[in-house]
Amino acid sequence: MKLYKDGILQRGVYITKNRKYFFKNGVLAQGIQSFYNIGTATIYKNGLLINDLHIEKDDKLYDGNTLKKGKFVMLDYLFDYEFLSLYIDGHLAKGLHKGTYGKNGETYLFEDGKLATAFYNGKAYLNGKVYDKPINIKDTFYINHKPYTGVYPFSSDETRDSEMYDNGKFLYYVTLKTYLDQLEIIQQLQEDATNWNEEVSKLVDILTKNIKKIEDGYGRKLISENPPELSYDDFYPYDEYAQKQLLEDLQNIKTRLQGVPNAHHAQAAIEKGIKSVYTLQNLHYENGALLDGEYEGNYYKEGKLIDSAINHELSIAEENYRRATYAYKDEIEKAEDKESLTNELLEKLLTQVVATHAIATEHKNPVYPNAQASIREAQMTLENSVDEYRFIEDMIKTYHLSIDLMPLQQKMKEAGKALELNVALEDIDTQAAYQTLSLNKAFSGEFDEHGFAYFQMNLQDEEGVYKLNTNYAIANEKTNVWISKNVQTLPTLPALKSKDKENLYLTQGTHYIVVRGKPKQSYEFELAQYDFNYNKQAVWQVNDQQTTPIDLPYFKKKQVRIPIEITNNENISFNVYDARRSRDFKNITEMMLTNDATGKVYVVKEKNNYGRFFIELPKGKYTLTYTPPENVYGKGGVLNWVTYTPISLFNSKDVTTTNNVIVMEKDTKFTFDLMHMQNGYSAYFYLYDEHFNLIKKVTSDNMNSMRNFTYTIKKGKYYLRLSSFKMSATAK
């Protein structure tokens with residue numbers, strides 16, 4: 001039999017689709033050819049299939065449709081793990097048998113069909129192969145293929161206890177036995193025995209000289225006697241078990257010693273032993289108890305070293321100030337006694353500053369050499385304290401409080417000197433040289449030795465909205481900015497809030513600008529005017545949905561006029577919102593649309609404080625105007641719009657338009673059928689009255705789900721919004 005392709009003998013190897021024939025270079029391959037895979041084996045002899053082996057779900061080995069006769073080793077797979085299995089007459093083998101895997105020709109020992117770890121014919125096996133190293137097989141320990149008698153391991157490992165064996169059977173842990181034997185002697189002592197001091201000292205001497213070995217042996221002994229339940233990737237907690245039991249042993253002896261006369265040496269020894277066990281746990285024990293609080297310049301919590309005591313005091317001061325700051329910011333606006341509240345915050349900051357100075361003193365003249373004073377932490381805290389000082393100073397100016405900052409300034413200067421830091425607390429210098437800025441042009445330089453940079457700019461526009469740009473984190477609250485037309489008032493003004501640095505409403509004239517950052521740090525500074533887009537088009541076309549938000553700046557004098565064109569009679573929702581989503585954003589409450597041809601003015605008011613303005617307008621060209629909120633000037637909001645499609649609910653079918661308007665001439669009951677159509681999106685059906693009050697809501701998170709309900713819609717005008725729903729409605 002030969003194999004051709006396009007009239008020419010097929011080159012290479014080829015197995016027919018029915019797998020019955022195996023060709024090599026166009027002729028049946030001679031000899032034995034075997035192909036092994038997980039759970040399958042295909043064997044050819046002289047090109048003809050002789051074995052088609054596979055493991056079925058019943059865990060039996062088949063050759064074609066019948067059980068495989070004789071022995072055969074297969075490659076199997078379970079939970080990402082490949083292994084060999086031995087089958088005899090199609091079933092997993094029982095007992096110990098040897099088998100050869102055809103892929104590599106190696107012979108293995110199997111037990112109950114799986115690779116064996118066993119002792120067989122005078123040899124120790126591991127995973128089916130002869131194993132010449134020490135091994136424990138079914139609770140018998142073998143060395144050189146013989147049950148072992150003696151101490152193991154042979155090498156001296158300071159952390160592992162040796163084991164004693166007799167004819168392969170484990171007897172005890174060697175070092176642990178010495179400890180337990182001595183413990184037994186002590187447990188047998190009567191209270192009036194005269195050798196308590198001697199025996200307890202001997203026990204503690206054994207423990208402290210061999211504590212890691214005893215911990216190892218004790219842990220393995222306890223866990224073998226009472227194995228804990230572990231999750232898949234847990235480890236046996238040998239050390240925890242041993243440490244707990246050792247402490248229990250020693251504490252029991254300590255308790256008994258309370259009734260033993262003249263046992264001072266034993267009591268001292270037992271304290272030494274307890275301390276040695278706690279040391280294993282990285283816990284600190286002195287004078288009969290775990291350390292808790294300050295001890296020799298360090299601070300401990302339930303035996304655990306937290307930090308040096310002086311660092312800990314600083315940490316507490318920082319945390320107290322941090323919490324006080326959160327509370328202050330929440331309460332200051334509504335507080336009746338703002339001065340007392342601010343003084344309380346100032347006292348917390350003063351405590352923090354004093355704590356940094358104490359660290360500097362301890363660092364230079366340590367009282368406790370082992371207690372490390374963190375000089376860098378103190379420096380960072382003092383640097384932050386300068387920023388917090390500025391915050392309190394700003395609050396004093398904002399609320400016109402009578403608070404003396406001199407004591408705090410003095411302590412900060414002293415701490416700065418001790419920590420070798422430049423503490424810049426100076427106020428704005430009204431006599432400084434103010435550099436001239438050009439609008440929309442960057443200016444670079446360096447803050448002075450007190451951290452200030454001074455600028456002036458002459459603005460020509462009657463009014464405008466500006467923003468500060470800089471490489472020096474101008475939006476960060478820790479960088480302060482002041483702007484005024486009167487240079488003498490600058491020291492009395494609070495710094496701008498972060499959001500105000502990007503929303504500056506300025507009028508015509510010369511403005512003095514002061515920026516405070518870090519002393520001698522470089523900056524790049526620019527005052528840029530916002531280029532609003534409301535006048536960038538000759539006319540804005542009202543289509544289904546406006547995707548480009550239109551700027552609505554709030555000017556005091558200038559009237560913003562936005563030209564729009566409506567090509568069809570439309571129901572429109574004009575939407576005004578704050579793109580920055582700030583909490584204190586104030587929206588306009590009404591807008592005016594003047595028909596350019598007729599002069600008719602349509603006034604539309606906001607609905608339910610949602611920033612939505614609903615109106616039905618005939619087609620034509622209009623000018624949209626609005627009045628900013630009272631005494632609120634600057635960047636303002638942005639405008640977009642949505643048009644609503646008029647639909648009739650009477651026998652409507654497969655409605656999918658998102659925004660719809662409905663006019664009902666009379667009260668009518670409808671049956672609604674909703675199909676959730678778009679995968680990955682929540683679907684909703686929202687029905688609003690003409691004042692945009694939500695009166696019916698239906699939602700779905702399940703793709704292809706149906707929602708059916710009956711609802712009566714009363715006479716009037718309604719807005720219907722659909723998302724991911726296909727809707728049909730039938731009047732009852």
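Reader: Which residue lies over the face of Y108?
Author: K129 does, at 4.9 Å from the ring centre. A charge counts as sitting over a ring if NZ of Lys or CZ of Arg is within 6 Å of the ring centre and within 35 degrees of the ring normal. The charged end of K177 likewise sits over the ring of Y172, 5.2 Å from its centre.

Reader: What should I know about the model itself?
Author: This is a predicted model, in which local features need pLDDT of at least 70 and side-chain atom pairs count only at pLDDT 80 or more, while totals for chains, interfaces and linings use all residues. Residues are numbered from 1 along each chain as its sequence is written, and side-chain values use heavy atoms, leaving out hydrogens and water.

Reader: How many aromatic pairs are there?
Author: The count is 43 aromatic pairs. Rings of Phe, Tyr and Trp (its six-membered ring) pair if their centres lie within 6.5 Å; planes under 30 degrees apart count as stacked, over 60 as edge-to-face and the rest as tilted.

Reader: Why is the pair of Y165 and F170 edge-to-face?
Author: Their planes stand at 70 degrees, with the ring centres 5.8 Å apart, so the pair is edge-to-face.

Reader: Is Y165 buried or exposed?
Author: Y165 is buried, at 6% relative accessible area, whereas F170 is partly exposed at 37%. Buried means under 20%, exposed over 50% and partly exposed in between (1.4 Å probe, protein chains only).

Reader: Which residues form an aromatic cluster?
Author: F614, Y644, Y684, Y686, Y688, F692 and Y719 form one.
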